[in-house]
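Subject: Structure for your files

Hello,

Here is the structure I said I would send.

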Amino acid sequence: MQYNESVSQATSFVNKMLRKRFGKGPESVHIVLSDRCILIHLRNFLSPVEEFLLSQEEEQAFRYTRELIMKSMLPELRVFLNEHLNLEVTDMYYDWGRHNSSGVIAGLFGSSWMETEDYEGKNEIHRQVMKVTAEVQKTPAFIDSWWVHPRLLIIFRKGITILLEKELIDLGYENILKSTKRKLEKRLLEQHVDLEEILQKKLVDLYADWNFERDQSMVVYVFEE
């Protein structure tokens with residue numbers, strides 16, 4: 001299947017699935033395929049119910065509702081990618097930005113563990129990200145990063161979950177833990193990782209998610225065109 005055809009099919013499916021689950025689709029869906037992952041960037045995506053929750057300052061209810069819907073939706077998306085596009089997704093991540101109602105969904109392939117290419121500033125970015133990670137959790141056992149598009153940089157970490165977090169997850173506090181980690185770690189990454197200076201690109205958005213079961217995490221940086 002040709003690249004453009006695959007992207008077109010995936011875009012159509014994601015639009016329909018989001019409308020079905022949320023009652024409204026995003027303003028735009030931008031999908032990028034690489035040999036390591038598929039990245040879906042959603043812009044201006046907020047359902048009427050979510051708008052109401054946020055207007056009532058019910059951010060926790062908004063995040064809980066979206067978390068539930070996304071968890072029910074991702075298995076269906078993975079099956080579609082596998083059966084219709086022959087993409088064997090091993091792991092999926094997602095995050096949203098309340099400030100602009102945009103978000104990302106990312107699926108990793110088995111080839112994500114292949115050695116990635118170097119790019120200018122890669123070692124310094126890894127050093128700064130590892131330092132921030134060690135402040136919030138612990139120094140990653142593994143870190144890598146790669147560009148999937150001139151605007152999209154992915155940073156992947158493994159082996160970062162501390163014992164206290166594992167206990168909270170076992171007690172059923174995964175959603176609260178993830179919400180707290182997102183707020184804290186994204187703030188520290190924005191403050192202490194000098195990506196704009198290193199890469200000479202203007203940062204637009206930052207997304208982060210964790211797979212606690214696999215002890216893995218993905219960070220997605222979005223830059224201006």
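How many cavities of 30 Å³ or more does the structure hold? The count is one. Please keep in mind throughout that this is a predicted model.

The cavity

The volume of the largest cavity is about 40 Å³. Its lining consists of Tyr93, Tyr94, Asp95, Val104, Tyr207, Ala208, Asp209, Met218, Val219 and Val220. Strands β3, β7 (203-211) and β8 (216-223) are the elements that give two or more residues to this lining. Sorted by class, the lining has eight nonpolar residues, two charged ones and no polar ones.

Salt bridges

Side chains of opposite charge can pair when their charged atoms come close. The structure holds 14 salt bridges.

Because lysine 186 sits in helix α6 and aspartate 95 in strand β3 (residues 89-97), the bridge ties together parts that are 91 residues apart in sequence. Both lysine 186 and aspartate 95 are buried.

Lysine 178 meets glutamate 67 in another salt bridge, at 3.9 Å from N to O. Here lysine 178 belongs to helix α6 (residues 174-192) and glutamate 67 to helix α3 (residues 59-85), so the pair connects parts that are 111 residues apart in sequence. Lysine 178 has a relative accessible area of 5% and is buried; glutamate 67, at 9%, is buried as well.

Aspartate 35 is partly exposed, at a relative accessible area of 44%, whereas arginine 36 is buried, at 10%.

Aromatic pairs

The count of aromatic pairs comes to seven. In one of them, tyrosine 119 and tryptophan 147 have ring centres 6.0 Å apart and planes at 75°, so the pair is edge-to-face. Tyrosine 119 is in the loop between β4 (102-109) and α4 (122-136), while tryptophan 147 is in strand β5 (residues 142-149); the pair therefore ties together parts that are 28 residues apart in sequence. The relative accessibility of tyrosine 119 is 16%, so this residue counts as buried. For tryptophan 147 the value is 26%, which means partly exposed.

Tyrosine 221 and phenylalanine 223 make up a stacked pair, with 6.4 Å between the centres and 25° between the planes. Both count as buried: tyrosine 221 has a relative accessibility of 2%, and phenylalanine 223 has 0%.

Which residues form one aromatic cluster? They are Tyr119, Trp147, Tyr221 and Phe223.

Regards

Terms used:
Residues are numbered from 1 along each chain as its sequence is written. This is a predicted model: local features need pLDDT of at least 70, side-chain atom pairs count only at pLDDT 80 or more; totals for chains, interfaces and linings use all residues. Side-chain values use heavy atoms; hydrogens and water are left out. Rings of Phe, Tyr and Trp (its six-membered ring) pair if their centres lie within 6.5 Å; planes under 30 degrees apart count as stacked, over 60 as edge-to-face and the rest as tilted. Helices (H or I, at least four residues) and strands (E, at least two) are DSSP runs, numbered from the N terminus. Buried means under 20% relative accessible area, exposed over 50%, partly exposed in between (1.4 Å probe, protein chains only). A salt bridge is a side-chain nitrogen of Lys or Arg within 4 Å of a carboxyl oxygen of Asp or Glu. On a 1 Å grid over the protein atoms alone, a cavity is a set of points where a 1.4 Å probe fits but cannot get out, and a pocket is an open set with protein on both sides within 12 Å along at least five of seven lines; lining residues have an atom within 4 Å of a point. Grid points are joined across faces, edges and corners, and a volume is the space filled by probe spheres set on the points. Ala, Val, Leu, Ile, Met, Phe, Trp, Tyr, Cys and Pro count as nonpolar, Asp, Glu, Lys and Arg as charged, and the others, Gly among them, as polar.
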